[in-house]
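User: I would like to learn how to read a model like this one. Can we go through it feature by feature?

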Amino acid sequence: AAARRTRTFDGHGRTRDGHDVPLLANIGHPGGAASAAAAGAEGVGLFRTEFCFLDRADAPGVEEQVAQYRTVLSAFPGKKVVVRTLDAGADKPLPFLTAPGEPNPALGVRGLRTATRDPQVLDDQLAAIARATAAESAEVWVMAPMVSTVAEAADFVARCAAHGLTTAGVMVEVPSAALTAGPILARAAFASVGTNDLTQYTMAADRLLGELAPLSTAWQPAVLELVAATCRGGARHDRPVGVCGEAAADPALAVVLVGLGVTSLSMTARALPDVAAVLASVTHAECVELGELALGSDSAEDARAAVRARLGVLE
Ligand code: PEP
Ligand code: MG
């Protein structure tokens with residue numbers, strides 16, 4: 001255990017046989033960007049911009065947003081940074097975007113859906129991201145949360161293009177998006193699977209309810225099937241498919257995801273060394289075998305136990 005705690009990450013995620021799997025960081029508040037870079041993150045796979053504005057009554061101005069976004073971009077010169085547009089609603093209400101009193105906020109007007117009611121907030125945010133991008137050398141990818149349909153993906157890509165933001169993608173965190181990943185990725189440049197919400201919506205289990213924890217795990221074979229479907233959609237159009245949910249931070253699950261076709265993993269920076277170490281211990285072909293082992297299991301518990309046994313990780 002002591003050895004695990006002192007492990008570090010050399011800044012290059014790869015399997016034992018040299019198949020590159022970039023290991024990226026999830027960033028909430030911009031203040032976390034510098035330490036994520038110091039931890040060796042190869043870029044940012046998820047910048048949760050709503051964390052900048054959780055306590056705000058009014059929508060932030062463009063100038064203020066530019067400053068916050070530049071803080072993150074400047075910590076990753078020349079590196080990829082995936083900036084997610086505001087994911088307001090459900091567990092992260094924003095007073096200036098979230099309508100009170102919805103009976104089921106997780107199924108309500110959250111994420112990209114808020115842009116139908118209030119397009120100016122998204123437009124201002126894209127303007128701010130474009131200005132921050134022009135001022136820094138990071139390679140900026142823009143991503144929409146809670147996309148459910150091909151039309152939403154196409155509309156988001158068009159809105160980004162209007163601001164000169166050419167690498168626009170979507171989160172896949174709703175089963176409908178996973179099942180239509182082919183046509184979605186014919187329009188969008190990339191996808192990133194949000195396993196936290198994808199699990200919640202696949203299993204119909206509130207992610208905040210501890211009592212449902214046995215259901216609320218991305219080890220569920222049904223969730224893994226949807227990840228595999230997303231990867232097939234990406235492969236059809238030669239688009240990268242990352243994972244930025246908590247599943248990417250579980251080393252045994254991370255190699256399963258790679259085996260299902262996931263091309264990058266984004267996680268809390270402190271998980272990087274352990275994920276990198278397990279990834280470096282297996283070949284890509286072994287990842288594929290582990291993915292098949294998990295998909296073929298009857299339960300989350302069986303999948304996890306089978307994969308960990310094969311990896312030689314003790315429970
Ligand atoms: C997810 O749903 O997996 C995700 C990464 O987004 P968030 O946790 O911010 O909802
Ligand atoms: Mg989510």
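User: Is β2 mostly covered or mostly open, and how many of its six residues are buried?

Analyst: Some ground rules come with it. This is a predicted model, where local features need pLDDT of at least 70, side-chain atom pairs count only at pLDDT 80 or more, and totals for chains, interfaces and linings use all residues. Residues are numbered from 1 along each chain as its sequence is written, and chains are lettered from A and ligands numbered from 1 in the order in which they are written. A residue is buried if 20 or more other C-beta atoms, placed from the backbone, lie within 10 Å of its own; 12 or fewer means exposed, and in between is partly exposed. Helices (H or I, at least four residues) and strands (E, at least two) are DSSP runs, numbered from the N terminus. By that count β2 is mostly covered, with five of six residues buried.

User: Which strands pair with β2?

Analyst: Pairing requires at least two DSSP bridges between two strands. Strand β1 (residues 23–27) runs parallel to β2 and is joined to it by three bridges. Ile27 stands opposite Phe47 of β2. Strand β3 (residues 80–84) is also parallel to β2, over four bridges. There, Gly43 has Lys80 as its bridge partner.

User: Which helix lies between β2 and β3 in the β-α-β unit, and what is the hand?

Analyst: Handedness is read with the strands pointing away from the viewer: right-handed means the path from the first strand over the helix to the second runs clockwise. Helix α3 (residues 62–74) sits between β2 and β3, and the unit is right-handed.

User: What surrounds ligand 1?

Analyst: A residue is near a molecule if its C-beta atom, placed from the backbone, lies within 6 Å of it. The shell holds Leu46, Arg48, Asp87, Glu173, Gly194, Thr195, Asn196, Asp197, Cys244 and Gly245. β2 (43–48) and α9 (195–203) each supply at least two of the shell residues. The largest share, three residues, comes from α9.

User: Which residues does the UniProt "binding site" annotation cover?

Analyst: Such annotations may be inferred rather than shown by experiment; positions follow the numbering used here and feature names are shortened. The unreviewed UniProt entry marks Glu173 and Asp197. They are spread over 25 residues of sequence, yet their largest C-alpha distance is 5.2 Å.

User: Where is Glu173, and why does it count as buried?

Analyst: Glu173 lies in the loop between β5 (168–172) and α7 (175–179). Glu173 is buried because 28 other C-beta atoms lie within 10 Å. Contact means C-beta atoms, placed from the backbone, within 7 Å. Not counting residues up to four places away in sequence, Glu173 touches Met146, Gly194, Asp197 and Leu198.

User: What is the phi of Met146?

Analyst: Most residues other than glycine have a negative phi. Met146 has a positive one, near 60 degrees. Met146 is found in the loop between β4 (139–144) and α6 (150–162). Met146 counts as buried because 24 C-beta neighbours lie inside 10 Å.

User: Is Asp238 buried or exposed?

Analyst: Asp238 counts as exposed, with 7 C-beta neighbours inside 10 Å. Its phi is positive, about 55 degrees.

Definitions and conventions:
Contact = placed C-beta atoms within 7 Å.
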